[in-house]
Amino acid sequence: MKEVSRVLLALLTFFTSFSFTQEKSKIDLEKGINFLETKVYSETDDSKILELFQGLRVADVSDGMDMAGLPGTGLVDPAIHPDWVDQIELTH
């Protein structure tokens with residue numbers, strides 16, 4: 001009985017470590033690990049979207065989202081700030 005439990009433990013250890021060491025494919029990394037499925041768009045779709053935003057400033061896009069009924073969407077929380085700021089040279 002002792003030997004059977006040792007074999008089972010060895011197999012369990014082998015398969016558990018194997019599943020954690022597998023490298024993820026590029027497609028799996030693009031999708032990410034989320035509770036909701038992430039839709040991945042093609043490079044063609046990405047470039048079409050980028051063309052629509054060509055020449056716009058972040059403020060323009062933010063104002064447009066506000067007007068579309070999405071106020072505050074896509075903005076960084078004001079509590080997020082640099083760890084240090086050099087007030088003299090204006091660098092981080």
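Is Arg 57 buried or exposed in this structure? Arg 57 is exposed, at a relative accessible area of 54%. By that I mean over 50%; buried is under 20%, and partly exposed lies in between, using a 1.4 Å probe and protein chains only.

Okay, some ground rules before going on. This is a predicted model, where local features need pLDDT of at least 70 and side-chain atom pairs count only at pLDDT 80 or more, while totals for chains, interfaces and linings use all residues. Residues are numbered from 1 along each chain as its sequence is written, and side-chain values use heavy atoms, leaving out hydrogens and water.

So, the overall layout. The protein chain has 4 helices and 0 strands, in the order α-α-α-α from the N terminus. Helices here are DSSP runs of H or I with at least four residues, strands are E runs of at least two, and both are numbered from the N terminus. The chain exposes about 9300 Å², and carbon and sulfur atoms supply 63% of that. Those areas come from the Shrake-Rupley method with a 1.4 Å probe, and for residues only the protein chains shown count as cover.

How confident is the predictor? On pLDDT, its per-residue confidence from 0 to 100, the protein chain has a mean of 79, with 77% of residues at 70 or more. Where pLDDT is low, the predicted coordinates should not be read in detail.

Back to Arg 57. Its side chain meets that of Asp 60 in a salt bridge, 2.9 Å from N to O. The term needs a side-chain nitrogen of Lys or Arg within 4 Å of a carboxyl oxygen of Asp or Glu. Asp 60 is partly exposed, at 28% relative accessibility. A search of the whole structure finds 1 salt bridge.

Next, Leu 56, in the loop between helix H3 (43–52) and helix H4 (58–67). Leu 56 is partly exposed at 45%, and together with Ile 49, Leu 52 and Phe 53 makes a nonpolar surface patch of about 410 Å². Patch residues have over 30% relative accessible area and no salt bridge; like charges are joined within 9 Å, nonpolar side chains (Val, Leu, Ile, Met, Phe, Trp, Tyr) within 5 Å.

Last stop: Pro 71, in the segment after H4, is exposed at 59%. Leaving aside residues up to four places away in sequence, Pro 71 touches Met 65 and Asp 66, with contact meaning heavy atoms within 4.5 Å.

Terms used. pLDDT = per-residue confidence, 0-100.
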